[in-house]
Amino acid sequence: MANPPPKSFIKAATLFLSLFLFSPPSVAVDFLTASQNLTGAATLVSEKGFFELGFFSPRNSTNVYLGIWYKIIPIRTIVWVANRENPIVDSSAAVLKINTTTNVLVLLQDNAVVWLANTSKSVEIPKLQLLDNGNLVLKDAKSEVISWQSFDYPTDTLLPGMKLGWDFENGIQRRLSAWKSSDDPSPGSLTMEMMNTNYPEPAMWNGSKEFMRSGPWNGLQFSAKPTSALPILVYSYVNNKSELSYSYELINSSLIGRMVLNQTLTRREAWIWSDSEKNWKLYATMPRDYCDTYGLCGAFGSCNIELTPACQCLQGFHPKVPEKWNLMDYADGCVRNKPLNCSSTDKLGFAQIPGLKLPDTQLTWVNESMSLNECRDKCLRNCSCVAFANTDIRGSGSGCAIWLGDLIDIKVVRRGGQDLYVRMLASELETKKKTSSVVVGVIIGATVLVIAGLVLIGFYIIRSKRRSLEGMGKDLGQQEDLELPFLDLATISNATDNFASYNKLGEGGFGAVFRVNFTSTEENMFLSA
């Protein structure tokens with residue numbers, strides 16, 4: 001009978017098995033099960049090595065956070081933070097695990113809950129997995145049904161495929177909030193969200209103050225976006241009973257890109273990774289320019305970055321406080337030149353203003369099935385309606401949005417935007433038409449005069465040149481008559497003694513050369529025969 005192994009061997013084997021079964025996963029693992037924990041320097045790495053989950057500390061901070069960053073690039077760039085409002089002070093005491101009783105994901109420090117990912121969905125076999133798109137998901141290992149995901153709780157970064165907006169079925173609002181600083185991932189005052197109104201649109205806020213709007217979706221893009229802007233991005237928009245959201249993808253899937261809120265510069269930034277330079281390159285920023293500032297020109301004011309001043313009142317309106325307006329204080333906005341009489345619909349009309357970011361949509365009414373003419377009639381019958389527009393500009397246009405209050409935050413979009421129809425007196429529309437006709441008449445008249453003048457000048461120049469050429473021709477003719485007189489054959493024969501050999505001087509390329517003797521003038525000439 002074999003001798004039993006020594007106790008030292010049993011202890012070593014037991015220690016090996018415990019480490020093998022219960023130690024944190026290696027860098028090659030992309031998931032955790034209920035029997036595993038994530039601690040210390042251990043990480044999860046997505047299947048293709050794009051993203052990594054683990055504990056980190058910002059550059060000038062000793063606080064510890066659980067986060068996700070790019071694994072595929074050399075610069076550690078954090079895209080998601082779990083415990084951003086409750087940092088860990090002792091990294092050796094931090095543990096990420098799946099609670100086997102409630103099947104929720106919890107982050108512990110000395111057995112105290114620092115952060116948890118709660119879910120109401122039951123999970124039979126829980127599994128935490130980091131995907132190659134940067135999404136951390138808690139799902140059922142058997143059914144693959146996701147019960148919780150980090151994409152539903154973004155921090156400051158919107159990755160391709162992430163959605164900004166609302167999940168009505170699960171009661172989730174997905175919004176971005178900037179880091180307070182580069183060393184502090186706790187939420188700053190700069191946020192971005194999808195406004196859940198009758199006519200939804202993304203908006204940025206700085207604290208409680210609206211900072212910038214993207215304009216509503218017009219079937220192709222958000223109305224504030226120039227048509228040719230951001231060509232490497234493709235946007236998607238969803239608005240139905242279960243969801244209101246937008247997302248983006250990169251046309252070239254091999255590119256690495258992200259959108260992030262920057263609290264320090266108070267803007268949203270789009271970054272693209274340059275593999276050749278091994279660094280991030282700034283691709284675009286929002287706000288784009290001065291005119292993106294929310295409500296800059298006040299009610300019924302429009303901002304055009306190419307004009308000076310940039311703020312202008314809409315047609316039929318004038319500055320409410322001209323003194324302030326002249327000092328570039330536009331907060332009071334504009335008011336109508338003449339009040340409207342709602343009962344006299346025959347005296348009302350609409351001014352068509354093209355190429356705009358549509359006004360703030362908080363006070364709007366929308367019907368997606370109406371035509372533009374039906375929308376016009378609807379607005380005309382409603383005394384509260386001040387403007388209308390199509391909700392979808394594709395093709396000949398469709399859908400109806402009407403504005404029921406002051407028109408705020410209008411911007412002229414270069415090479416983009418859409419038409420807005422503003423209610424006003426028909427008499428002001430006629431005045432505008434007459435003014436336009438006069439201007440067009442003046443332009444046409446001036447053009448005709450300029451062309452006629454150019455024709456006359458051209459005629460004078462041509463005539464002068466012709467006369468000059470004729471005069472030169474006469475002078476040359478006279479000179480030729482004097483210098484080269486015409487001689488007949490008989491005269492030449494007599495002057496050369498019938499081409500006598502003693503008068504022959506030689507031969508050239510054109511024949512023999514003779515000396516000519518004119519006794520009447522006592523002149524000698526040379527003649528080539």
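## Glutamate 243

Is glutamate 243 buried or exposed? In this predicted model, glutamate 243 has a relative accessible area of 15%, and buried means under 20%, so this residue counts as buried.

Let's see what surrounds this residue. Glutamate 243 sits in strand S21, which covers residues 243-250. Its side chain makes a polar contact with the side chain of lysine 163, at 2.9 Å. Leaving out residues up to four places away in sequence, glutamate 243 touches Lys163, Trp166, Phe168, Arg174 and Val238.

## The sheet around S21

Strand S21 belongs to an open sheet of four strands, in the order S15-S14-S21-S20, and the pairing is antiparallel. Strand S15 (172-174) and strand S20 (233-239) stand at the edges with a single partner strand each, so one side of each has no neighbour in the sheet. From one strand to the next, the twist averages 20°.

If you follow strand S14 (residues 164-167), you will find three bridges joining it to S15, and the two run antiparallel. Here tryptophan 166 stands opposite glutamine 173 in S15. Tryptophan 166 is also one of the residues that glutamate 243 touches.

## The nonpolar cores

Now for the cores. The largest nonpolar core has 62 residues, and Leu53, Leu96, Leu105, Trp115 and Leu136 are those with the most contacts inside it. Another core lies apart from it, with 26 residues, including Tyr199, Cys303, Ala387 and Leu420.

Leucine 136 is a handy place to start exploring. Setting aside neighbours within four places in sequence, leucine 136 is in contact with Leu53, Ile68, Trp80, Leu105, Leu128, Gln129, Leu130, Trp148, Gln149 and Ser150.

Definitions and conventions: Residues are numbered from 1 along each chain as its sequence is written. This is a predicted model: local features need pLDDT of at least 70, side-chain atom pairs count only at pLDDT 80 or more; totals for chains, interfaces and linings use all residues. Side-chain values use heavy atoms; hydrogens and water are left out. Two strands pair if DSSP finds at least two bridges between them. Axes are lines fitted to C-alpha atoms, for helices over the stretch in contact, and angles run from 0 to 180 degrees between N-to-C directions. A nonpolar core is a set of buried Ala, Val, Leu, Ile, Met, Phe, Trp, Tyr and Cys residues joined through side-chain atoms within 4.5 Å. Buried means under 20% relative accessible area, exposed over 50%, partly exposed in between (1.4 Å probe, protein chains only). Contact means heavy atoms within 4.5 Å. A polar contact is a pair of N or O atoms within 3.5 Å; within protein, one must be able to donate a hydrogen and the other to accept it, and residues adjacent in sequence count only if both atoms are side-chain atoms.
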